[in-house]
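Student: I would like to learn how to read strands and ring contacts in a model. Could you walk me through an example?

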Amino acid sequence: EKMKRFFIGAVAAFSLLASVVFPAAADERILNFDVSAVLEKDSSLLVTERITVNAENKAIRRGITRSFPIKERVDGDGLRRYTFDVVSVKCDGREAQFSRDINGYMAGMAIGNPEEYISKGEHTYEIVYRTRGHVRFLPKQDEISFNAVGPYNDFPVDKAAFALILPDGAKPLAVKAWTGKMGETGADHAVNGDTLRTTRTLEPGEAFTVSMGWEKGLVQEPSKGLSDWIG
C-alpha cells in the first residue's frame, strides 16, 4: 500500500500561528516545517528540512513522501536542471529507511518502512540533501526563489520557517515572501533575524514562497551546456 503523499514544490528553485492539537480531536497535519539552506561558494545548496507531523495512521501510516523538481522550463532561460543528492534521512533522530524514484521532471522520496505502521502521535523527519542549479545570476545581484512550502501539500501546516545562510557571513540585500495559493501574494509572514516564519496555519494547497538576493561575486556562476537548453 502506498504511503500518503504530501508534495512540496518549488518556484524557480526546487523543489509545508500554531494551533493546538488536542489528543481527543487529533488530526493529521504538519506541525512544523523548518528549512535551512547553506549556500556554498560553488552555488550549490546544502539543505536541511525538519518536518514534524502528527500521525493517526489514517493518511500518514508508514511514513511520508517528498517530491523535488529536477527539471524546469523557464522562459528565456531554457531548461533549468537541478541535482538532488541525499546526504542523510532520519526519523525521530534515528537513521530512516527511504527509497527514491524519478518521474519526468520530478524526483520522489518515500521515507519509512513499507512493512509496518508508525506509532500514532508526533514524529520528526530530517532530510539533508545537496542540490545545484537554483541560483539565478542577474545583472545587479544574484538570487534564489524558494518554495519553503509548495502549493501541492496534502495537509495543513501549522508553522513554517526558512533560513538562508550565505558565505562569509554575508547578509541578503533583499528579502521577500508570499503566502497563499498559486498566484496569490499574501503577506502572512514575519522576519525574525535571518529567518522568515509564517504567522498563520497554511491550508492544503497553500504555499510559502521566499525570495532572497545578495551581492554579485559571492558565489561562482556555473557554465551552461547544451543539456541546459534541450531535453
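Tutor: Gladly; we will take the strands, then the aromatic rings.

Tutor: This is a predicted model, where local features need pLDDT of at least 70, side-chain atom pairs count only at pLDDT 80 or more, and totals for chains, interfaces and linings use all residues. Residues are numbered from 1 along each chain as its sequence is written, and side-chain values use heavy atoms, with hydrogens and water left out.

Student: How many residues of strand S3 are buried?

Tutor: Strands are DSSP runs (E, at least two residues; helices are H or I, at least four), numbered from the N terminus. Buried means under 20% relative accessible area, exposed over 50%, and partly exposed in between, with a 1.4 Å probe and protein chains only. Strand S3, residues 63-69, is mostly covered, with seven of its seven residues buried.

Student: Which strand is joined to S3 by seven bridges?

Tutor: Two strands pair if DSSP finds at least two bridges between them. For S3, the partner is strand S9 (residues 106-112), and the two run antiparallel. Within S9, Ile 111 stands opposite Ile 64.

Student: What is the order of the eight strands in the open sheet?

Tutor: The order is S7-S6-S10-S2-S1-S13-S16-S15, with mixed pairing. At the edges are strand S7 (94-95) and strand S15 (189-192), each pairing on one side only. Four bridges pair S15 with strand S16 (residues 195-198) in the antiparallel sense; Ala 190 has Arg 197 in S16 as its bridge partner.

Student: Now the rings. How many aromatic pairs does the structure hold?

Tutor: Rings of Phe, Tyr and Trp (its six-membered ring) pair if their centres lie within 6.5 Å; planes under 30 degrees apart count as stacked, over 60 as edge-to-face and the rest as tilted. The structure holds four such pairs.

Student: Why is the pair of Phe 68 and Phe 84 stacked?

Tutor: Their ring centres are 4.1 Å apart and their planes are at 25°, so the pair counts as stacked. Phe 68 is in strand S3 and Phe 84 in the loop between strand S5 (78-81) and strand S6 (85-91), 16 residues apart. Phe 84 also forms an edge-to-face pair with Tyr 129, at 5.1 Å centre to centre and 70° between the planes. Tyr 129 lies in strand S10 (residues 121-131), so this pair ties together parts 45 residues apart in sequence. Phe 68 and Phe 84 are both buried, and so is Tyr 129. Ring pairs link Phe 68, Phe 84 and Tyr 129 into a cluster.

Student: Where does the charged end of Arg 66 sit?

Tutor: A charge sits over a ring if NZ of Lys or CZ of Arg is within 6 Å of the ring centre and within 35 degrees of the ring normal. Here the charged end of Arg 66 sits over the ring of Phe 68, 4.4 Å from its centre.
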